[in-house]
Amino acid sequence: MKYMMFVCSDTEPETDESRVPDIEVWVGENDAAGRRVTGSVLAPPSAATTVRVRGGETMLTDGPFAETKEVIVGFDVLECADLDEAIAVAAAHPMAHRGRIELRPYADL
């Protein structure tokens, strides 16, 4: 089952850096196991462009849609057997300590 893993910042990160896993190890292990399909760090929210179409007119806004302190800083697409496996993969990611991870299964359309 495919999961989108949103990697987000947080206002209350882990204070003990010795418990934070190494990102290169996480990527290497999950790539080797075939669980990580793709992923990337994103440019900062200031580089975002929000696109809306209203009344047939395309409207652009510089910056993110939401005004929030927490932002999506990256993503990974995971291929896991089930939610339990996806949770284990997410919990081992460094940003589960420094930020937060949101897992969302792909919808069956």
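Reader: Which side chain does Arg19 meet in a salt bridge?
Author: The side chain of Arg19 meets that of Glu14, at 3.2 Å, N to O. A salt bridge here is a side-chain nitrogen of Lys or Arg within 4 Å of a carboxyl oxygen of Asp or Glu. This is a predicted model, where local features need pLDDT of at least 70, side-chain atom pairs count only at pLDDT 80 or more, and totals for chains, interfaces and linings use all residues. Residues are numbered from 1 along each chain as its sequence is written, and side-chain values use heavy atoms, leaving out hydrogens and water.

Reader: Is Arg19 buried or exposed?
Author: Arg19 is exposed, at a relative accessible area of 52%. Glu14 is partly exposed, at 24%. Buried means under 20% relative accessible area, exposed over 50%, and partly exposed in between (1.4 Å probe, protein chains only).

Reader: Which residues are in a network with Arg19?
Author: Salt bridges link Arg19 with Glu14 and Asp16 in a network.

Reader: How many salt bridges does the structure hold?
Author: Eight. One of them joins the side chains of Asp31 and Arg36, at 3.0 Å, N to O. Asp31 is partly exposed, at 38%, whereas Arg36 counts as buried, at 17%.

Reader: New topic. Which residues make up the largest nonpolar core?
Author: There are ten: Tyr3, Met5, Val7, Trp26, Leu78, Cys80, Ala86, Val89, Ala90 and Met95. Such a core is a set of buried Ala, Val, Leu, Ile, Met, Phe, Trp, Tyr and Cys residues joined through side-chain atoms within 4.5 Å.
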